[in-house]
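Have the sequence and the 3D view open while you read.

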Amino acid sequence: MRLTTFLAAMLLATTAYAQRASVTWPDADYDPAIPTMESVLGHKAGARISWHHETLKYFAALKQAAPDRVSVHRYATSWEGRDLVYVVISSPENIANIDGIKAGMQQLRNAGGTDRAAASNIIESQPAVTWLSYGVHGNEISSTDAAMMTAYHLLAARGDERVSQIMSSTVVVIDPMQNPDGRDRFIHQFEMAEGLVPSADRFSAEHNEPWPGGRTNHYLFDMNRDWFVMTQPESRGRVEALQQWYPVAFVDAHEMGSDQTYYFSPEAIPYNPHIAADQRASLALFGKTNARWFDHYGRDYYTREDFDAFYPGYGASWPSYFGSIAMTYEQASSRGLLIRQYDGNVMTYADTVFNHFLTSLGTAETVAQNRQKFLQDFYDYQLSAIAEGGSEDVRAYVLPAQADQAGADKLAGLLVAQGVEVGTATQAFRACGQSFDAGSYVINLAQPAKRLVRSLLDTQIDMDADFVAEQERRRAKGIAHQIYDVTAWSLPLMMNVDTVACARAIGVDTRPASADLQQPGAISGGQAKVAYLIPWGQVTAVRFLALALRQEIRLKSTDLTFTHQGTRYPSGTLIIDVADNEPSLHAAVSTLAASSGASVVAVNDSWVSDGPNFGSGNVVRHNLPKVAMAWDSPTSPTSAGNMRFVIEQQFGFPIVPIRTRHLSRVDLHDFDVLILPEESSFGGSGYAAVLGKPGIASLKQWVEKGGVLIAIGTATRFIADANVDLISIRRENAAIEADDSKGKGKPDAGKPGKDDDNKEATVAGTFLTSAEELASAIAAEKKAPDQMGGVLAYADVDPDHWMAAGVAETLNVLVEGSDIYTPIRLDSGVNVARFRADDELLASGYIWDENRRQLAYKPFAVVQSQGRGQVIAFTQNPNKRAYLDGLNVIFANAIFRGAAHARPLH
């Protein structure tokens with residue numbers, strides 16, 4: 001009887017849910033000639049979570065039903081082969097004139113060549129473009145179904161007076177699914193966990209995703225952080241498509257925690273100072289429209305409290321730098337079809353879809369009502385950028401021809417791909433008090449992309465002083481800070497590329513730079529009789545090594561610098577002996593140079609004038625290493641994915657992912673290198689618990705017999721734990737001020753500690769005579785350093801160690817979190833890279849003063865020999881977002897040179 005009653009209640013709830021899922025626009029009359037989602041997909045909007053193939057099917061049906069008002073365009077293909085499309089919806093007249101509309105926006109963007117009279121003609125007649133992007137995080141599910149609802153409404157609604165204005169005076173571009181791989185992964189996991197009826201219990205399996213979850217793409221990238229580095233094909237295609245259209249408004253629709261309501265613009269502070277004032281002011285126009293509709297339907301929302309616009313790599317930030325009004329919308333997530341919120345309210349998937357539908361239409365409505373203003377603002381944005389670029393303290397940047405030319409080429413290519421005017425000098429020149437070689441890149445800032453250039457190339461972007469002061473106040477009271485993401489992202493620093501800022505424009509003759517991120521390499525010196533040398537120090541050489549090993553080319557590298565025929569070669573330089581390889585070696589090396597971008601030197605004798613000879617004991621042989629990595633819990637999905645991407649796609653070397661729980665029973669002797677990505681920051685078991693004592697013992701034995709173990713970032717906690725002791729460094733607690741350690745005022749006298757054996761009901765009394773003594777009395781007895789939002793810090797490199805081969809003297813390390821480690825003692829290992837003194841440490845960003853002082857001289861990269869193997873710790877993540885190119889060589893050294901320096905028993 002109880003079971004019957006329960007099932008009846010659940011079926012009743014399911015029926016009510018289905019009824020709510022049928023809601024579109026209450027006052028609209030819909031044209032039956034336009035197919036509904038139910039007629040095409042078999043379910044109504046919000047009744048089921050639509051797969052990628054279903055979404056494409058529905059938009060294809062809309063295009064077939066209304067070909068004069070809809071067009072569908074593929075802009076990218078995901079790693080897993082799924083097409084990414086955007087859908088253009090407007091009046092028949094506008095659809096027929098798409099090329100003209102795009103050309104008009106290009107003219108407004110290129111304001112330096114478009115006078116005000118020509119611009120005014122465009123602004124008076126040109127439809128404005130609204131771009132609505134959905135689902136960049138695959139498990140933020142509601143927006144894709146809202147995208148289909150929005151398209152259906154614009155094409156079919158006959159009772160909504162806004163639609164005709166939107167269709168005639170604007171073009172709406174819908175990107176319904178920015179991350180199809182992640183979305184389909186989420187739906188697959190969700191449907192596997194579904195039961196008889198939807199569950200509202202947040203602990204139900206259908207609401208809890210197994211690792212890695214659906215948020216990220218195939219390589220587990222958070223693509224809402226990938227906009228200006230464009231490492232992923234989805235991002236590259238999207239950036240290219242946006243620059244064909246230049247929308248005046250851009251929305252990135254997301255989801256957030258299930259217990260929240262709905263968030264829309266204006267954004268929280270701090271704003272990036274390179275966002276224009278009129279862009280910030282226009283955010284309120286969209287906010288007020290959305291608020292009006294939310295009030296009309298009695299739905300809760302909030303603004304300004306979260307989701308700042310400081311970091312330029314968000315979808316809700318990057319379009320701002322070509323003049324768009326960019327916004328993020330966030331809906332509380334049902335993470336399924338039903339979720340019970342903290343107050344007992346049951347929120348349905350249909351509710352979440354409808355809210356995104358409301359703001360999608362509200363956004364298009366706002367653009368339609370302000371069409372001329374937004375177009376004028378867009379044109380004025382370009383003019384003001386040009387004017388600022390010709391009058392501010394920095395008026396040009398130069399990327400000189402340099403040792404890491406591959407890095408400079410990639411940086412220039414990234415800028416060109418984002419619409420920046422970059423020239424390649426056709427002759428040597430002087431500027432900024434320096435001499436520059438031909439081939440140097442020149443970026444004069446009197447151009448529309450000036451604000452993007454400054455935001456990406458400036459060493460320091462400051463947060464608002466009042467905001468910083470508030471964060472310090474909160475921190476002093478033990479309240480969490482509100483810094484949302486990293487505070488430093490300077491591309492020249494992250495890529496370790498020399499860049500010179502100039503106070504004057506540069507007039508040298510240039511040719512347009514290429515958007516290619518890699519230039520082809522070549523052999524100099526013809527066909528070698530003795531050897532081919534590949535200077536080490538650029539990622540192009542790393543790619544060459546990876547490809548050569550895979551092709552079974554026999555090669556070695558030097559631990560020391562040497563001079564051959566007057567040319568100085570860095571440590572790490574690769575040496576390929578002709579006599580050791582097949583007769584087809586020259587053709588193979590030539591092909592590898594071209595594909596990897598490496599510079600190769602052919603030599604006809606082996607005599608060196610100083611440094612080790614090619615047969616020296618300071619030259620090590622490289623065999624093909626078999627590299628594995630920990631996969632699945634407890635690893636951080638983004639850390640694991642970012643690292644795998646760097647190794648596989650940037651280095652070109654295969655890696656074997658092994659689920660961490662299987663490492664204790666895998667025969668590790670089949671592998672030369674094992675890499676542990678960072679541990680997940682969302683709690684749960686760490687490496688020690690997952691591996692267990694047998695797994696830890698097996699790991700130690702493998703290292704002793706010649707394995708190379710590499711720990712990334714927070715994985716160092718595991719190997720440095722005293723109970724594991726794979727490396728002789730330890731994680732530090734927050735340092736105590738000298739005065740505090742003396743017990744000034746003795747406020748701790750009556751404060752029982754965690755280990756206090758005193759079981760008395762009372763403790764000795766104390767006198768607190770100042771606020772400082774009170775602060776000491778209530779302070780935690782032992783705590784980690786305060787969390788850092790992400791800064792770039794200088795780390796100096798020990799050039800005498802093999803892991804420093806070819807590495808720059810100074811590295812720029814992204815430091816985040818709270819982990820700081822003791823240096824390793826000389827009798828145990830080597831601190832290959834350590835942070836600078838406290839007054840020289842900060843390269844960019846905002847760092848808490850106590851962290852800055854405690855981080856000084858502490859290690860970034862540590863190596864400890866264990867038997868015949870090596871244990872290597874990177875105390876911060878060198879692969880973060882795959883945008884720390886300046887750390888690629890030292891990371892590659894850990895893998896390839898680490899394996900070459902281990903002495904496993906075979």
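The report goes through sheets, then a few single residues, then aromatic rings and charges.

This is a predicted model, so a pLDDT of at least 70 is needed for local features and 80 or more for side-chain atom pairs, while totals for chains, interfaces and linings use all residues. Residues are numbered from 1 along each chain as its sequence is written, and side-chain values use heavy atoms, with hydrogens and water left out.

**Sheets**

Helices (H or I, at least four residues) and strands (E, at least two) are DSSP runs, numbered from the N terminus. Two strands pair if DSSP finds at least two bridges between them. With that settled, there is an open sheet of seven strands with mixed pairing, in the order β1-β2-β4-β3-β5-β9-β6. The edges are taken by β1 (70-77) and β6 (262-263), each with a single partner strand, so one side of each has no neighbour in the sheet. Strands β5 (residues 249-256) and β9 (residues 325-332) run parallel and are joined by eight bridges; A249 has I325 in β9 as its bridge partner.

Contact here means heavy atoms within 4.5 Å, and axes are lines fitted to C-alpha atoms (for helices over the stretch in contact), with angles running from 0 to 180 degrees between N-to-C directions. Helix α8 (residues 162-169) touches β2 (83-89), β3 (128-134) and β4, and its direction makes about 90 degrees with that of β4. Helix α12 (residues 349-369) touches β3, β4, β5, β6 and β9, at about 160 degrees to the direction of β9.

Another open sheet has five strands, paired antiparallel in the order β17-β12-β16-β13-β18. Here β17 (500-502) and β18 (510-512) stand at the edges with a single partner strand each, so one side of each is left without a neighbour in the sheet. On average, neighbouring strands of this sheet are turned by 30 degrees against each other, direction ignored. Two bridges link the antiparallel strands β13 (residues 423-425) and β16 (residues 441-444), and T424 has Y441 in β16 as its bridge partner. Helix α14 (residues 405-417) packs on the sheet, touching β12 (396-399) and β16, with about 35 degrees between its direction and that of β16.

M788 has G817 in β32 as its bridge partner. Strand β32 (residues 810-817) is mostly covered, with seven of its eight residues buried; buried means under 20% relative accessible area, exposed over 50%, and partly exposed in between (1.4 Å probe, protein chains only).

V171 lies in strand β4 (residues 170-175) and counts as buried because its relative accessibility is 0%. Leaving aside neighbours within four places in sequence, its contacts include V88, I89, P127, V129 and W245.

E648 is in helix α20. Is E648 buried or exposed? E648 counts as buried, because its relative accessibility is 18%. The side chain of E648 makes a polar contact (a pair of N or O atoms within 3.5 Å; within protein, one able to donate a hydrogen and the other to accept it, with residues adjacent in sequence counted only if both atoms are side-chain atoms). The partner is the side chain of Y219, at 2.6 Å. Not counting residues up to four places away in sequence, E648 touches Y219, F653, P654 and I655.

**Rings and charges**

The structure holds 44 aromatic pairs. Rings of Phe, Tyr and Trp (its six-membered ring) pair if their centres lie within 6.5 Å; planes under 30 degrees apart count as stacked, over 60 as edge-to-face, and the rest as tilted. Two edge-to-face examples:

| Pair | Centre to centre | Angle between planes |
|---|---|---|
| W318 and F322 | 5.7 Å | 80 degrees |
| F653 and F896 | 5.1 Å | 90 degrees |

F653 lies in the loop between α20 (637-651) and β28 (656-659) and F896 in helix α26 (residues 888-901), so their pair ties together parts 243 residues apart in sequence. Both F653 and F896 are buried. W318 is buried at 2% relative accessibility, and F322 is buried at 3%. One aromatic cluster includes F228, Y263, Y302, W489 and Y883.

A charge sits over a ring if NZ of Lys or CZ of Arg is within 6 Å of the ring centre and within 35 degrees of the ring normal. R451 lies over the face of Y381, 4.3 Å from the ring centre, and the charged end of R644 sits over the ring of W631, 5.1 Å from its centre.
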